[in-house]
Amino acid sequence: MDNFTRRLLHRLVRRIPTQKLRASLEKWERVSEAQRRSLDPIKSKWALTERLLTICEENELTVRHVTELEMLHVIENPNQGMWHAFQLLDPEDDAHSVDLIQFKQQFKCHLSELIRHVSIKMKMHSDEAIWIRIAWGDAMTRPNHLKPTYVVYYLQSPYVFVTSLTSKLKPLLSQALVLSTRHRVIKDAHLSGRNLTAITDLLMKRYQQVFPTKYPTPIAEKNEIVSQREQAESAAKRQRMACEAFGDGVLPQLQSAVYKLETKFRDHTNKVMTEREEPFRCVVKFASVNLLESLRHCASSGIASTPVTPLLSSVPLKGRNYFVITDNGPGPSSQMHQTQN
């Protein structure tokens, strides 16, 4: 095992918690059962790392084998980076006929044509997701396995989820995805988060939705004491409107929503700000362990007014958590061509 492979394995093992490391090793076919058992009595993470390095050297493992272990860990523990969603548009006539083998061959072929040194590894997950690990190089340098990009694509779906992608490499990945899936365009879906399951469930509508049975009307405020029946009816109405806006049952654990404001400042008592030609700019961010659950609770409990404002209900409706608000109303940002790391 060369120095780089040893360094890569040492860095990988060091950042994985001990219990998760043991779970990943059970699925990794490069270490025998007897060798895994020899690791069981070891409690120290340092000693465990050194013993595993020794085992891997004895087995003469290579970079390819170490990246398999990394990929197993990332697939089982995906919520460790910032994921960005993209949407494929304008499918060609034969887009529906692209199968797994065709996609793998075409993706590797197209990306290898675009960049000289690149390492691509693919694995089909149990939920039908294709996981892609890409180590990027360039015309002069070998692929950097220390900073890979991960891509998750559900075959026959219009959505792609990406983490750890720089703006410089985004055009290359986009072109390879468009060509291999038989689409013409890929764009930012304006949805991101650390919980991959949450953003995939939100975009693919994998949660219990409630559709309105009639046009919702605001609940009138009453100053007088209302009867228990009227209170129950009001509470039921708020609950229904909250579920219509955000869904029912268990909701995707989206953690944030960002609203970028670019509007005119309006205050007749402050002429200096009101008469400015430049728009007033600020950013509002809502954050929670489960944002949709929090918003639904606010609406159903009466903390927030109902019907729910489109600025909030658009998160599950449009499958987005980034919005730009101008004087013409809410709308998408100007394409956001750059993907942040």
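Start inside: the largest cavity has a volume of about 50 Å³. A cavity here is a set of points, on a 1 Å grid over the protein atoms alone, where a 1.4 Å probe fits but cannot get out. Grid points are joined across faces, edges and corners, and a volume is the space filled by probe spheres set on the points. Before going on, note that this is a predicted model: local features need pLDDT of at least 70, side-chain atom pairs count only at pLDDT 80 or more, and totals for chains, interfaces and linings use all residues. Residues are numbered from 1 along each chain as its sequence is written, and side-chain values use heavy atoms, with hydrogens and water left out.

Now select F86, V162, L165, K170, L173, S174, L177 and I186, which line the largest cavity; lining residues have an atom within 4 Å of a point. Helix 7 (residues 170-181) provides the largest share of that lining, four residues. Helices (H or I, at least four residues) and strands (E, at least two) are DSSP runs, numbered from the N terminus. By class, the lining has six nonpolar, one polar and one charged residues. Ala, Val, Leu, Ile, Met, Phe, Trp, Tyr, Cys and Pro count as nonpolar, Asp, Glu, Lys and Arg as charged, and the others, Gly among them, as polar. In the whole structure, a search turns up four cavities of 30 Å³ or more.

Strand 1 (residues 83-91) and strand 6 pair in the antiparallel sense over seven bridges; two strands pair if DSSP finds at least two bridges between them.

Six strands make an open, antiparallel sheet in the order 2-3-4-5-1-6. Its edges are strand 2 (118-124) and strand 6 (183-193), each pairing on one side only. From one strand to the next, the twist averages 25°.

Which strands does helix 5 (residues 63-76) touch? Show it with the sheet: helix 5 packs there against strand 2, strand 3 (129-136) and strand 4 (149-154), and its direction makes about 50° with that of strand 2. Helix 6 (residues 100-114) also packs on the sheet, touching strand 2, strand 3 and strand 4, with its direction at about 165° to that of strand 2. Contact means heavy atoms within 4.5 Å. Axes are lines fitted to C-alpha atoms, for helices over the stretch in contact, and angles run from 0 to 180 degrees between N-to-C directions.

Next, select K147, P148, T149, T163 and S164. Among the 24 residues lining the largest pocket, these lie nearest its centre. That pocket has a volume of about 600 Å³; a pocket is an open set with protein on both sides within 12 Å along at least five of seven lines. Helix 5 gives the most to the lining, with three residues.

Two backbone stops come next. Q156, in the loop between strand 4 and strand 5 (159-163), has a positive phi of about 70° although it is not a glycine. The peptide bond from T306 to P307 is cis, with omega near 0°.

Finally, colour by pLDDT, the predictor's confidence in each residue, from 0 to 100. The protein averages 88, and 92% of the residues score at least 70. Over residues 329-341 the pLDDT is below 50.
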